Amino acid sequence: MMISKKFFYFAWLHREQVAKKLAELNLFIGQDLFLMLLHECEELSQKEITEKLQVEYPTVTKMTSRLVQRGFVLKKSHTTDLRVSMVSLTDKGRAVCATLQAIWRESEQQLTHRLTPEEVKHLSELLNKLK
């Protein structure tokens with residue numbers, strides 16, 4: 001099997017495993033990355049989120065609206081530039097991030113369970129090299 005097909009297959013497996021768990025939290029694929037980014041950065045503008053997640057601005061706008069409706073994030077105007085929308089986690093959003101980290105760890109363990117710890121480390125190094 002070509003390496004690109006293998007990448008696709010493992011990405012698909014990971015996505016399927018994570019999607020099921022996210023659905024239990026009333027979240028969708030992509031929203032986990034959005035929340036974890038805010039967990040790392042505290043508060044970001046929608047433009048910064050767009051750049052860091054490498055998605056289109058309308059995607060971030062829609063995700064922000066949905067996550068605000070579900071109580072995971074807050075959206076407010078920037079203090080000095082009212083044209084800029086700032087996004088941050090609510091207490092509910094911060095709480096769900098611990099669950100998201102556990103979901104990712106579990107998925108990673110399921111995908112790499114046949115590898116030794118050294119092989120997992122080596123795989124991680126190789127993937128970082130490909131970035």
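In the predicted model, strands E2 and E3 (residues 85–89) run antiparallel and are joined by five bridges. Within this pairing, Val-73 has Leu-89 of E3 as its bridge partner, and Lys-76 stands opposite Met-86 of E3. On the E1 side, E3 is again paired in the antiparallel sense, here over three bridges, and Ser-45 stands opposite Met-86. In general, the strands of a sheet pair through backbone hydrogen bonds, in either a parallel or an antiparallel arrangement.

Together the three strands form an open sheet with the order E1-E3-E2 and antiparallel pairing. Strands E1 (43–45) and E2 (73–77) are the edge strands, each pairing on one side only. Direction ignored, neighbouring strands of the sheet are turned against each other by 25° on average. Helix H4 (residues 57–69) lies across E2 and E3 and runs at about 120° to E2.

The burial of E3 was examined next. Five of the five residues of E3 are buried, so this strand is largely enclosed by the rest of the structure. Both of its faces are covered: Ser-85, Val-87 and Leu-89 are buried on one side, and Met-86 and Ser-88 are buried on the other. The loop between E2 and E3 contains Thr-79. Thr-79 counts as exposed because its relative accessibility is 74%, above the 50% cut-off for exposed residues. The C-alpha atoms of Thr-79 and Glu-24 are 36 Å apart in space, with a separation of 55 residues in sequence.

The C-alpha trace spans about 50 × 30 × 25 Å along its principal axes. Of the 131 residues, 27% count as buried. Among contacts between residues at least 6 apart in sequence, 55% join residues at least 24 apart.

The largest pocket holds about 1400 Å³ of space. Helix H1 (3–24), helix H2 (31–41), helix H5 (91–112) and helix H6 (117–130) are the elements that give two or more residues to its lining. The greatest contribution is that of H1, with 10 residues. The lining comprises 31 residues, of which Phe-10, Ala-11, His-14, Leu-111 and Leu-127 lie nearest the centre of the pocket. Classified by residue type, the lining has 17 nonpolar residues, together with seven polar and seven charged residues.

Helix H5 also contains Leu-100. With a relative accessible area of 0%, Leu-100 is buried, since the cut-off for burial is under 20%. When residues up to four places away in sequence are not counted, Leu-100 touches Leu-22, Leu-25, Leu-27, Asp-32, Leu-35 and Met-36. Leu-100 and Gln-54 are 46 residues apart in sequence, and their C-alpha atoms are 20 Å apart in space.

Backbone geometry was considered at two loop positions. Most residues other than glycine have a negative phi. Asn-26, which is not a glycine, has a positive phi of about 65°. This residue, Asn-26, is placed in the loop between H1 and H2. Its relative accessibility of 44% is the reason why Asn-26 counts as partly exposed, a class that lies between the cut-offs of 20% and 50%. Gln-54 likewise has a positive phi, near 55°, and is a residue other than glycine. Gln-54 is found in the loop between helix H3 (46–53) and H4. In contrast to the partly exposed Asn-26, Gln-54 is exposed, with a relative accessible area of 72%.

Definitions and conventions. Residues are numbered from 1 along each chain as its sequence is written. This is a predicted model: local features need pLDDT of at least 70, side-chain atom pairs count only at pLDDT 80 or more; totals for chains, interfaces and linings use all residues. Side-chain values use heavy atoms; hydrogens and water are left out. On a 1 Å grid over the protein atoms alone, a cavity is a set of points where a 1.4 Å probe fits but cannot get out, and a pocket is an open set with protein on both sides within 12 Å along at least five of seven lines; lining residues have an atom within 4 Å of a point. Grid points are joined across faces, edges and corners, and a volume is the space filled by probe spheres set on the points. Helices (H or I, at least four residues) and strands (E, at least two) are DSSP runs, numbered from the N terminus. Ala, Val, Leu, Ile, Met, Phe, Trp, Tyr, Cys and Pro count as nonpolar, Asp, Glu, Lys and Arg as charged, and the others, Gly among them, as polar. Two strands pair if DSSP finds at least two bridges between them. Axes are lines fitted to C-alpha atoms, for helices over the stretch in contact, and angles run from 0 to 180 degrees between N-to-C directions. Contact means heavy atoms within 4.5 Å. Buried means under 20% relative accessible area, exposed over 50%, partly exposed in between (1.4 Å probe, protein chains only).
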